[in-house]
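Reader: I am new to this structure and would like to understand the words used to describe it. Could you take me through them with care?

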Amino acid sequence: MEQCVIEKWTEKGHGRAFQQGKAIDIKGAFVGETVQVDLKKGKRGGKKGILKSILNPSVERVLKKCSHTLICGGCNLHGLSYDSQVQMKQKNVEKLFSQPVQPILTAQEPFYYRNKMEFSFSQDKDKKKYLGLVEEESRGKVFEQKDCALCPEWMITTLKSVFDHWCGTSLDAYYLHTNTGSLRTLTCRVGVNTADRMVILGLSGNPMFALSFEELEGFKEAILNANKGCKNLSVFVVLTHVEKGVPTYTSEMHLFGKDHISEVLCGKTFYISPQSFFQPNPKQAELLYKTAFDLLQPKPSDSVLDLYCGVGSIGICLKERVHKVVGIELNRYAVCDAKRNISINNLENVEVTVGDVKDSLAQHKDTPFDIIILDPPRAGLDEQVIRTLQQMRVEKILYISCNPKSLSRDLVFLENCGYAVEILQPVDQFPQTLHLEMIALFKLKNN
Ligand SMILES: C[S@@+](CC[C@H](N)C(=O)[O-])C[C@H]1O[C@@H](n2cnc3c(N)ncnc32)[C@H](O)[C@@H]1O
């Protein structure tokens, strides 16, 4: 066992000590602490320390609400006071931009905020079964999940019920490398403001490993037993079809309850089906949208193009302040939900179409929009999208990003296209983790 003093944070929120100038990264250790560790080989010839004991705990260390923090990659900052988490995230995000960054808008509820969790079924070489999240840096090793500080308690109760049921069957977990086995994932979703729940059993679409009617009923009963008090529970199966030479695709079976959950955001109701994206922390999403709209200062005559629009949430929440919204979204399920959401909220002048922004944006090149909203996945914007944006020369761009790194790259591209960034506003949607949501408002410079 070695003794180390933690001198700095790593990018992943681990503690870093140095021995003869060489870095040792220690998960779960905080800056300023002296710790005892077992040394192991790390990545790229480096070393990592397995935390064994803390000799002088940091004053910023607080009680943990979860027993898996030393292996789980879900919330690396858990155990550090929320104030210190925010300070660390502020410093990290400021390093990425040459422009000033506003102070982070923090979360009122830093625990149990997630509305969606996806757990994985797995077996080791001795066929021992696991259902839970994946260990950090483990190439897919799943641990037996007993608690979680990010999701509501019912999701863990459901996981345990499904796990106990699975242990009484001879069914195997799906194994990607051989496309064998049946059980892939267990996903739980909730409408935080409606209490609607949805549980989705993810199965292999390989017909050789299909579940019988009785086997499906067994899992359904395990889910229902764990959710006896719930008024609106939906149960689905999503089958993932993996075939050589064919792009992977999914199909759904509806087993129980409504075919969607509802959520309420900014006073609007949203219909969410199993495979549609929805912001993972609705309380903070509301703060994100309201802050973004206040910064945007739209005019009642404005026409808005809402790119990567999901189930239409940004455009629908913004609609009362603008004349028209056009949305583009790749996921067909989300577009169906968006159309339903436009209708249930009685909105006119909002339309959503299916398409890859990369290809579909060009069709709108000559339409006179006043505002473009961008809310891409973590990878950020495709080069082709940036080229089309350059031709469109729309006055304002509101970029909402779940990845400050890709935003900092795209910011430079947009500046080269003639835009100036007016404000960079971080919002903490993901306490206990290093993730941060960003609002960036761009305006076209007058040449
Ligand atoms: C971060 S989510 C934002 C969703 C929505 N704006 C919201 O606030 O809920 C990104 C969305 O982009 C969609 N998407 C991913 N790649 C896309 C593409 N190439 N073209 C269009 N939509 C895409 C995803 O399906 C997802 O709904």
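**Strands, burial and the ligand shell**

Author: Strand β21 (residues 437-444) pairs with β19 in the antiparallel sense, over 6 bridges. This is a predicted model, in which local features need pLDDT of at least 70 and side-chain atom pairs count only at pLDDT 80 or more, while totals for chains, interfaces and linings use all residues. Residues are numbered from 1 along each chain as its sequence is written.

Reader: What makes β19 and β21 a pair?

Author: Two strands pair if DSSP finds at least two bridges between them, and β19 and β21 have 6 bridges; Ile400, for instance, has Ile439 in β21 as its bridge partner. The strands themselves are DSSP runs of E with at least two residues, helices being runs of H or I with at least four, and both are numbered from the N terminus.

Reader: Which way does β18 run against β19, parallel or antiparallel?

Author: Strand β18 (residues 371-374) and β19 run parallel and are joined by 4 bridges, with Leu374 having Tyr399 in β19 as its bridge partner.

Reader: Why is the unit made by β18, helix α8 and β19 called right-handed?

Author: A crossover is right-handed if, with the strands pointing away from the viewer, the path from the first strand over the helix to the second runs clockwise; β18, helix α8 (residues 383-392) and β19 make a β-α-β unit of that right-handed kind.

Reader: How do you know that β19 is mostly covered?

Author: A residue is buried if 20 or more other C-beta atoms, placed from the backbone, lie within 10 Å of its own, exposed if 12 or fewer do, and partly exposed in between. In β19 (residues 396-401), 6 of its 6 residues are buried. In a regular strand the side chains alternate between the two faces of the sheet. Both faces of β19 are covered, with Lys396, Leu398 and Ile400 on one side and Ile397, Tyr399 and Ser401 on the other.

Reader: Why is His68 called buried, and why is Ser251 called exposed?

Author: His68, which lies in the loop between β6 (47-54) and α1 (82-96), is buried because it has 21 other C-beta atoms within 10 Å. Ser251, found in strand β12 (residues 246-256), is exposed because it has 10 other C-beta atoms within 10 Å.

Reader: What does His68 touch, beyond residues up to four places away in sequence?

Author: Two residues are in contact if their C-beta atoms, placed from the backbone, lie within 7 Å, and His68 touches Phe143 and Gln145 in this way. Leaving aside neighbours within four places in sequence, Ser251 is in contact with Gly205, Leu239 and His241.

Reader: Which residues are closest to the ligand, and how many surround it?

Author: A residue counts as near a molecule if its C-beta atom, placed from the backbone, lies within 6 Å of it. The ligand is surrounded by 19 residues, of which Phe277, Tyr308, Gly310, Leu330 and Asp375 are the closest. At least two residues of this shell come from each of α5 (313-318), β16 (324-329) and α7 (357-360).
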